[in-house]
Amino acid sequence: MNGTVELIIDGKPLTLPTVVGTENEVGIDVSTLRAKTGCITLDPGYGNTGACKSAITFIDGEKGILQYRGYDIAELAKKSTFIETAYLLIYGELPTAAELQGFSNQLTRTQMLHEDLRFHFDAFPPSAHPMSILSAMIHASGAYPSAENRGKCPKDAFPFQAARLISQVRTIATSSYRKAHGLPPTYPKSNLKYTENFLHMMFSLPNEEYQLNPEVVKALDLIFLLHADHEQNCSTSTVRMVASSKANVYASCSAGVCALWGPLHGGANQAVLEMLEEIHNEGDDGSKFLEQVKNKVGNRRLMGFGHRVYKSFDPRAVIIKEQCDKVLAQLNVSDPLLDIAKKLEEVALHDEYFVSRKLYPNVDFYSGIIMRAIGIPMDMFTVLFAIGRMPGWVANYKEVMDDPDSRINRPRQIYTGETLRSYKPMAERV
Ligand code: ACO
């Protein structure tokens, strides 16, 4: 490609520039299309639309490649931690020892919620889904100013806000769980690392301290790390959309939580377990269910399989599967749902229906299984995804804010409704 493409509209040629990324993906820059021709591009679901340039995450779905800031996900999974990776995503480079310590200190300093926020938790009904609590509480915590930020411009306040959000999402998440289950509140402990603290706040009781199992801590830290960013997915695009209006980081990320909630996105890990429960309750071992999926009975889908971008394999699924096997072996869990999951995986990986459509297990298939094995309740699965994704949202928010050319996101549409008509009085309406 020579840097331009020619588009012919009604016989008239139009030359459009191309944009080439550092991994040689090519985009056609159509930003002048409407001004020059009156036409827009139509791409429902945005499968062919590059909404921004970004230096954070690279994915090649055909080859199963995922890189954060140029580092392969498998290498990060092996050598890094969730918190180090969070720093990498937000600030672009792996931290020095001093930078990591500084980041970690900031996370510790900001881990407590403003005590008044407890009253917000009390206002939710016991049946509230923790994702709705999470989104509302992230937004609410933005309303509590911190003395540390007083008088600072948004750019100078950002490092503190970023750390506060990443640290507090975990405190909010565990508080929503405790509230929903009628458990007394827990507070974070400064001597525990990020993921350890999450487990402590989830499961410790006033009369019984939660015993940390290193394999469980590792598995959960890995789940967070593998979910930390994923390029322009539905929730991250939502965060960028909100950020483009110059809304604050809390408003932008709380919108990301809402977008993540849906079962076709972050809600898939919960949907996987719901599907397994349904199969089990019907006395099926998975075979009948798979037949229904293949025959599209009731449009059933094998949840945790397939991905919009990955069409050969999900690299995160490969990594998490290994850890999943280790955790299950270590905890020696006997669970009929896990047996069904293994059977579905085994059959679907060799079945023509799934193979021909390039439907492989995605990260949610295994992360759901691990979370169940370590005792995380099902309605918290997507909340854990949100904790993991927070650094990615924050990094994308920063990228929008730092971009001097950033414009408010405002797509167009092709209108298919009625053309102009006159108001009909009530008496004439049938
Ligand atoms: N089970 C059964 N069939 C499926 C599945 C599935 N999980 N996913 C796709 N298909 C079939 C479709 O029915 C369609 O079949 P057809 O060609 O006979 O009509 C074909 O595969 C293509 O499906 P699309 O919906 O066009 O695929 P798309 O790329 O748009 O969807 C998605 C991706 C939404 C992830 C889909 O695979 C799905 O619904 N998976 C289950 C939900 C899930 O696990 N989501 C998590 C995604 S990962 C994440 O968010 C972290």
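1. One aromatic cluster is made up of F305, Y353, F354, F365 and Y366. The model is predicted, and the points below should be read as a description of that model.

2. The structure holds 13 aromatic pairs. A pair of aromatic rings is described by the distance of the centres and the angle of the planes. For F198 and F224 the centres are 5.9 Å apart and the planes stand at 85°, so this pair is edge-to-face. F198 has 0% relative accessibility and counts as buried. F224 is buried too, its relative accessible area being 0%.

3. Two members of the cluster in point 1, F305 and F365, also form an edge-to-face pair, with 5.4 Å from centre to centre and 85° between the planes. This pair likewise links distant parts of the chain, as the two residues are 60 residues apart. F305 lies in the loop between helix 13 (287-294) and helix 14 (315-331), whereas F365 is in helix 17 (residues 363-373). Are these two residues buried or exposed? F305, at 10% relative accessibility, counts as buried because the cut-off for that class is under 20%. F365 also counts as buried, at 1% relative accessibility.

4. R118 lies over the face of F119, 5.4 Å from the ring centre. At the ring of Y194, the charged end of R170 is placed over the ring at 4.2 Å from its centre.

5. The ligand site comes next. The ligand is surrounded by 20 residues, and the closest are R301, L302, G304, R308 and Y353. Y353 is also a member of the aromatic cluster in point 1.

6. An N or O atom in the side chain of K296 is 3.0 Å from an oxygen atom of the ligand. A polar side-chain atom of K311 is 3.2 Å from an oxygen atom of the ligand. Taken alone, the ligand exposes 930 Å², of which the protein buries 76%.

7. An open sheet is formed by 3 strands in the order 4-5-6, with antiparallel pairing. Strand 4 (57-60) and strand 6 (71-72) are at the edges; each has a single partner strand, so one side of each is left without a neighbour in the sheet.

8. How many bridges join strand 4 to strand 5? There are 4, and the two strands run antiparallel. T57 stands opposite Y68 in strand 5. The hairpin of strand 4 and strand 5 has 4 residues between the strands, and G64 in this hairpin takes a positive phi near 70°.

9. Strand 5 (residues 65-68) is joined to strand 6 by 2 bridges, again in antiparallel direction. Y68 has Y71 as its bridge partner in strand 6; Y68 is also the residue that T57 stands opposite. The hairpin of strand 5 and strand 6 has 2 residues between the strands, and R69 in the turn has a positive phi of about 50°.

Conventions
Residues numbered from 1 in each chain as written. Predicted model: local features only at pLDDT ≥ 70, side-chain atom pairs only at ≥ 80, totals over all residues. Heavy atoms only, no water. Phe/Tyr/Trp six-rings, centres within 6.5 Å; stacked < 30°, edge-to-face > 60°. Buried < 20%, exposed > 50% of the residue type's maximum accessible area, 1.4 Å probe, protein only. Lys NZ or Arg CZ within 6 Å of the ring centre and 35° of its normal. Pairing = 2+ DSSP bridges. Near = heavy atom within 4 Å. Polar contact = N/O pair within 3.5 Å; in protein donor to acceptor, adjacent residues only side chain to side chain. Areas by Shrake-Rupley, 256 points an atom, 1.4 Å probe, with all protein chains shown as cover.
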